[in-house]
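Could you walk me through this model in my viewer, one selection at a time? I would like to know what to click on next and what is there.

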Amino acid sequence: MTSIITPYEDGPLIVRGDFELRTPDGETIDPARGTIALCRCGKSAVKPFCDGTHKTFRFKAGTGRDTPSPRTGGADDE
């Protein structure tokens with residue numbers, strides 16, 4: 001499976017390509033399309049999908065660029 005995940009600035013995660021979407025219990029969620037937008041703000045009425053609600057309260061995702069990658073210096077980096 002190949003997929004591309006693009007975080008939109010202060011918006012959703014756009015997922016394109018061949019992917020599977022599952023609930024925490026492992027049940028498959030049918031995305032009904034090959035490109036989806038996943039909510040990052042937590043306010044969407046159609047979670048896990050984005051419905052644009054982040055715009056109404058000016059959601060700020062933050063860049064995280066000031067903190068190191070969680071993989072930096074770990075055993076998996078070798």
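## Starting at an aromatic ring

Begin by selecting Phe 59, which counts as buried at 16% relative accessibility. Keep in mind along the way that this is a predicted model.

The structure holds one aromatic pair, and Phe 57 and Phe 59 form it, in an edge-to-face arrangement with 6.4 Å from centre to centre and 65° between the planes.

Stay on Phe 57 and bring up Lys 43. The charged end of Lys 43 sits over the Phe 57 ring, 5.8 Å from the ring centre.

## On to the core

In soluble globular proteins, nonpolar side chains tend to be buried together. To see the largest nonpolar core here, select its seven residues: Val 15, Phe 19, Leu 21, Ile 29, Ile 36, Leu 38 and Phe 49. Then centre on Ile 29. Beyond its neighbours within four places in sequence, Ile 29 is in contact with Leu 21, Arg 22, Thr 23, Pro 48 and Phe 49.

## Last stop: the cavity

How many cavities of 30 Å³ or more does a search of the whole structure find? There is one, and the largest cavity holds about 40 Å³ of space. To outline it, select Gly 11, Pro 12, Cys 39, Arg 40, Cys 41, Ser 44, Cys 50, Asp 51, Gly 52, Thr 53 and His 54, which line the largest cavity. Colour that lining by residue class and you will have four nonpolar, five polar and two charged residues.

Notes: Residues numbered from 1 in each chain as written. Predicted model: local features only at pLDDT ≥ 70, side-chain atom pairs only at ≥ 80, totals over all residues. Heavy atoms only, no water. 1 Å grid on protein atoms, 1.4 Å probe; cavity = no way out; pocket = protein on both sides within 12 Å on 5 of 7 lines; lining within 4 Å. Points joined across faces, edges and corners; volume = space filled by probe spheres on them. Nonpolar A, V, L, I, M, F, W, Y, C, P; charged D, E, K, R; others polar. Core = buried A, V, L, I, M, F, W, Y, C linked by side-chain atoms within 4.5 Å. Buried < 20%, exposed > 50% of the residue type's maximum accessible area, 1.4 Å probe, protein only. Contact = heavy atoms within 4.5 Å. Phe/Tyr/Trp six-rings, centres within 6.5 Å; stacked < 30°, edge-to-face > 60°. Lys NZ or Arg CZ within 6 Å of the ring centre and 35° of its normal.
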